[in-house]
Amino acid sequence: MTAPQAPRQFPQSGSAGTETGQDVRLLLRAATMYHLEGATQAEIAARLGVSRPTAGRLVARARAQGLVTVTVAAPAGVGASIHPETERAVENAFGLDEVFIMDSPADGTASGDAALGRAGSSVLARRINPTDTLGFTWGPEQLAVADGLSNRTASCRRVVQMDGSMTSVEYHTGVDQALSRFAEQLRAQPMRLIAPLYADIDTVAAMQRDSILSQPLRAAENADVMLFGVGSVSTSTTLFEGAFIDAAVLDELTDLGAVGEIGGRFYDSDGTPVASSLVGRTVSVPLACVHDCATTILVSGGAHRQESILGALRGGFATILVTDLDTARWLLTEQKGQR
């Protein structure tokens, strides 16, 4: 019986200009098997009579020498409704893990919020794990995300409110509905933060010391996934309309350069927290905790939120952005203009 021959070693160096016809043929054959036929390196090695490391080098050299062209294209029927190139551009501009651009305008209407909710729910369902704690801020976008989970199969351990919602007037924040919907759809334990968004400093300090009242806030600060929208600095926001802040505070925030808020905590156009009179009075997850969370999903869009979104991204408060096409393009223009 003849002993088996050792696999032939293929030269490791060379360029397209110095390869022989036989060399190029072997490069093309290996690349075809790998990229078009789905063969593994072990299968290529066996079929071409080379070692497994050599098979890997053949495939790599074929790519390096421009013998392989990869084209990724959406089907004609959906190409106009998805925007992968713009998504990648925003991801690269702000160092984000993912950008999801929905095919609807985010104009602050019920239909716009519903579209954001559907897009946000698809992202959340992929990102949440059964052992996770989900923290969320109240607002129409987050409620829409909770409603959008009805056809998803995701689950998590518990859901907790990230910011207080009690105010001095009758105002519907939707927080109770969002909490119950998240808990129901994700089969999770709900944790309600029974507290105002703003209180005097001594009251806030006492709440943080209380072993019962502080539990939801501690859980929210350590959430595995945070879901939130952003608010702007104007009289048309929920914080002003719900009497959480008044005109004097609004003027103070404007003078300090505030452009947005997450959970009632304000920041400027660079994402730097604003040192306003509200800081010690706020009952919500601090921006530092939002910044340090591994998975933070910002769901917002529209011209009325663009400055707020930009500041949040520059501050590093989001790892994932769900927004509309016009906002994504505006963000790219603004970020390029800063460089």
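W138 counts as buried in this predicted model, with a relative accessibility of 8%, where buried denotes under 20% relative accessible area, exposed over 50% and partly exposed the range in between, for a 1.4 Å probe and protein chains only. The model is a prediction in which local features need pLDDT of at least 70 and side-chain atom pairs count only at pLDDT 80 or more, whereas totals for chains, interfaces and linings use all residues. Residues are numbered from 1 along each chain as its sequence is written, and side-chain values use heavy atoms, with hydrogens and water left out.

Rings of Phe, Tyr and Trp (its six-membered ring) are taken to pair if their centres lie within 6.5 Å, and are classed as stacked with planes under 30 degrees apart, edge-to-face over 60 and tilted for the rest; the count comes to 3 aromatic pairs. In one of these, W138 and F244 are tilted, at 5.3 Å centre to centre and 35 degrees between the planes. W138 lies in the loop between β2 (133–136) and α6 (140–148) and F244 in the loop between α10 (238–241) and α11 (247–255), 106 residues apart, with helices (H or I, at least four residues) and strands (E, at least two) being DSSP runs numbered from the N terminus. F244 is likewise buried, at a relative accessible area of 9%. Y267 and F317 also form a tilted pair, 5.7 Å centre to centre with 50 degrees between the planes, and both residues are buried.
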